[in-house]
Structure formats: C-alpha cells, structure tokens
Amino acid sequence: MRLLVKAPAKINLSLDVLGKRADGYHEVEMIMTTIDLADRIELIETNNSEIEIYSHSRFVPDDQRNLAYQAAKLMKDRFSINRGVSISIDKIIPVAAGLAGGSSDAAATLRGLNTLWDLKLSTEELAELGSEIGSDVAFCVHGGTGLAQGRGEKITKLPAPPSCWVVLAKPSIGVSTADIYHNVNMDTIEHPNTSAMIDALQNKDYINVCRNLGNALEKVTLNLYPEVQHIKDQMEKFGADAVLMSGSGPTVFGLVQHDSRMQRVYNGLRGFCNQVYAVRMLGE
Ligand SMILES: C[C@](O)(CO)[C@H](O)COP(=O)(O)OP(=O)(O)OC[C@H]1O[C@@H](n2ccc(N)nc2=O)[C@H](O)[C@@H]1O
Ligand SMILES: Nc1ncnc2c1ncn2[C@@H]1O[C@H](COP(=O)(O)OP(=O)(O)OP(=O)(O)O)[C@@H](O)[C@H]1O
C-alpha cells in the first residue's frame, strides 16, 4: 500500500518565553498556525522490516537523524510493528528556518502510519507520541491554529486567523533552535501579549492580529544575525501590514491583506533574497 501525506509549515503569530525549566527546556506560550507551504511525504510498505528515508534535498538527513525516521521508529517500537516502510520526503519547506519543517514531516509520518498500519490512534494519542520526538511535533499533528504551552507540547485549539497573505523570506543562513534558546536572557526579554492575540483571533480582528504579533526570541536572533533585521526592514518598506520573525528564525513573515500589495512585497523581496514565498494560511 502507498499513501501520500501533506506536511505543512507553521508560523508563530506570538511566542513568549516564561522561564527556564529544570530539564533544560524553556516554558513557552506560543500561538501557531499552519500555512500553505508544505512538504509532501510518500509512505510505501516494503517487504522487509526496515525504515528507509529518501529525499532530493542535500540538507535533509537520510538516516536515524531524520525526524520522520524517528517518528516511524517510535511507532514500530511502541506497537511492536515488524513491517517496513519507505519514506520519501519532497522537501519544499526551507530547512532550519523556524518553520518546523522537520517536525511537520514527523507529524505527517505519524498520521500516515496510523492509517497504513491501521493503529486507530486518536489525534491526542498521536500528538503525545509526537512530543517525544520534538517540542513542535504535537502542534504539527493537530495543525490549524493553536496555543502551545509547557515546552510546546500542550495544545489548545484556536480559531483560524482572518484571511490574508503570508509573505515569507528566508535569508541564506540556518539557525539552530538550541543556540537561540541558550542565548535567552530572562531579565531583558520582551513579552508579547498572548491573551490580546487570542482575543484578536476569536474576534477575527485582522488589525489586532497585526498589532499583537510578537516573538520573545526575535531580539536574540537579530543580535546574532543582523541580516534578519535587514529583511524585516525591507518587508516593512515594501508595505506589509505587520512583520515578524517565525520561531527561532531566521525566516521573516509579513501579513498582507490586499493582493496588489502582496505582489509588491513579494517582488521587492525577490530582489535580494533567494527564498521568498507568498502563501495563504490553512484555516481551522
Ligand atoms: C522555536 C520553536 O520552533 C517555536 O515553535 C520551538 O520552541 C522549538 O521547537 P523544536 O525545534 O521542536 O525544539 P526541540 O527539538 O524540542 O528542542 C531543540 C532545543 O531547543 C531548546 N528548547 C526547545 C523548546 C523549548 N520549549 N525550550 C527550549 O529550550 C532546547 O535546548 C532543545 O534542546
Ligand atoms: N525531515 C527533516 N526535514 C528537515 N530537516 C530535518 C529533518 N529531519 C531532521 N532534520 C534536521 O533538523 C534540523 C532543523 O531542521 P528544521 O527544518 O526542522 O528546522 P526548523 O524549521 O528551524 O525547526 P523548528 O521551527 O521546529 O525549530 C536540520 O538542520 C536537519 O539536520
């Protein structure tokens, strides 16, 4: 049997860091939403009991370091499955970009194998498994829009943002999430207003979604990588309604409501940045 699964990227509409935990992680409060920029994962049953990973991208590991491999391994071990699977990843989401590409591949693999191996696990159960792989995987299992708490694994569903364009630009650097969290200084960090963002989503209030975009990790990444600030400045100059860095960066996104202005922001960014995308949010 063969199955195709979509693995969409996420952006953080808000990201707050509440403190450092004894286990080395940070307590966070994040509002995330999935966007129409997705990897495509093909799962094919094989005759052996191995997990095989294939990808054309030279940035994607093809062994046990791959988060999709880890998802398949976890399911095989947990449910004593002795069947094999070949996992082909058509990589569309930029790597090490703050868009949860690897986490989404892992989540899509969990969802797909749940069907392929007829495990009948609920979304909650899949998300719990996912949180053993990485902090963003639980959210990616749910998709849509959600509030993530704890180290990112406790998910509460939220209404989708008001419809608009999301223009993304990724500078040609990769950022390590661990490095960025390591450089957080809890005394100087700036906290976004998470509850104001939740209100804005509940009221489908585009202006207040724009006003309340905020990311406590942004300053940390901007200090280490000034090119991210340059992209933010350009997006604002070309007329995005609001601009923010996603996750630990370095991808910057701008929200734009009008088609003609989206085109201007997109074309302006393409002038000096290789990886630029204009996509829609995915809805609830
Ligand atoms: C930056 C975000 O992507 C925003 O959505 C997430 O907070 C990070 O999610 P992720 O990449 O799935 O993170 P993980 O793979 O679980 O952790 C990578 C590293 O980031 C740090 N980390 C991650 C999550 C968290 N709440 N606190 C942390 O301090 C830890 O050093 C950890 O070793
Ligand atoms: N399926 C995968 N796709 C991309 N990278 C992967 C995958 N599996 C493992 N990796 C490794 O994970 C690293 C981070 O990649 P990823 O694209 O997931 O980062 P990210 O978007 O910044 O994640 P997040 O937003 O969750 O912090 C890569 O450098 C790569 O070595």
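## Sheet, helices and ligand shell

Helix H9 (residues 226-237) lies across strands E7, E9 and E10 and runs at about 10 degrees to E10. Helices (H or I, at least four residues) and strands (E, at least two) are DSSP runs numbered from the N terminus; contact means C-beta atoms, placed from the backbone, within 7 Å; angles, from 0 to 180 degrees, are taken between N-to-C directions of axes fitted to C-alpha atoms, for helices over the stretch in contact. Helix H10 (residues 259-270) also packs on the sheet, where it touches E7, E10 and E11, and its direction makes about 5 degrees with that of E7. The model is predicted: local features need pLDDT of at least 70 and side-chain atom pairs pLDDT 80 or more, while totals for chains, interfaces and linings use all residues. Residues are numbered from 1 along each chain as its sequence is written, and chains are lettered from A and ligands numbered from 1 in the order in which they are written.

The open sheet has four strands in the order E9-E10-E7-E11, with antiparallel pairing (a pair needs at least two DSSP bridges). Strands E9 (242-245) and E11 (275-280) stand at the edges with a single partner strand each, so one side of each is left without a neighbour in the sheet. Five bridges join E7 (residues 165-170) to E10 (residues 252-256), and tryptophan 165 stands opposite valine 256 in E10.

Ligand 2 has 21 residues around it, of which Leu67, Ala100, Gly101, Gly102 and Asp105 come nearest (C-beta atom, placed from the backbone, within 6 Å). H2 gives the most to this shell, with four residues. Domain 1 (2-157) and domain 2 (165-280), bounded by an automatic or database assignment, both contribute residues to the shell, so ligand 2 lies between them.

Methods
Two residues are in contact if their C-beta atoms, placed from the backbone, lie within 7 Å.
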